[in-house]
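Hi,

Here is the structure for you to pick up. Please open it alongside this email.

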Amino acid sequence: GDKFSTVRDIPIFLEKHKVKVPEAKRAKITSSLRVDGKVTMGIVQDVKTQLRKSAQLKVNYSAKKRPDR
């Protein structure tokens, strides 16, 4: 579900999730980022970097348009 966290929480969250998933399906795990239009690309890049360091390479992105556009 949706949850607010810090970038440092990503590896812990991924490990907790992966142990719940059968080993044969772990390679199919995809992270999904729903990003608010007000979020800067710097924050998104920080999250992407942490996912990469945690060997989570499958990522799906979606975003809302900025309210001023």
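My notes on it follow.

This is a predicted model: local features need pLDDT of at least 70, side-chain atom pairs count only at pLDDT 80 or more, and totals for chains, interfaces and linings use all residues. Numbering starts from 1 along each chain as its sequence is written, and side-chain values use heavy atoms, with hydrogens and water left out.

Strands first. S1 (residues 31–35) and S2 (residues 59–63) run parallel, joined by five bridges. Pairing requires at least two DSSP bridges between strands. Helices (H or I, at least four residues) and strands (E, at least two) are DSSP runs, numbered from the N terminus. Serine 32 sits opposite asparagine 60 of S2. With helix H2 (residues 41–53), S1 and S2 form a right-handed β-α-β unit. Right-handed here means that, with the strands pointing away from the viewer, the path from the first strand over the helix to the second runs clockwise.

Now H1 (residues 10–18). Its buried residues are Ile10, Leu14 and Lys18. They lie on the same side of H1, because they cover an arc of only 60° around the axis (directions from the helix axis to the C-beta atoms). Exposed Phe13 and Lys16 are on the face turned away from that buried side. Buried means under 20% relative accessible area, exposed over 50%, partly exposed in between (1.4 Å probe, protein chains only). The buried residues of H1 pack against S1 and H2, with contact meaning heavy atoms within 4.5 Å.

Best wishes
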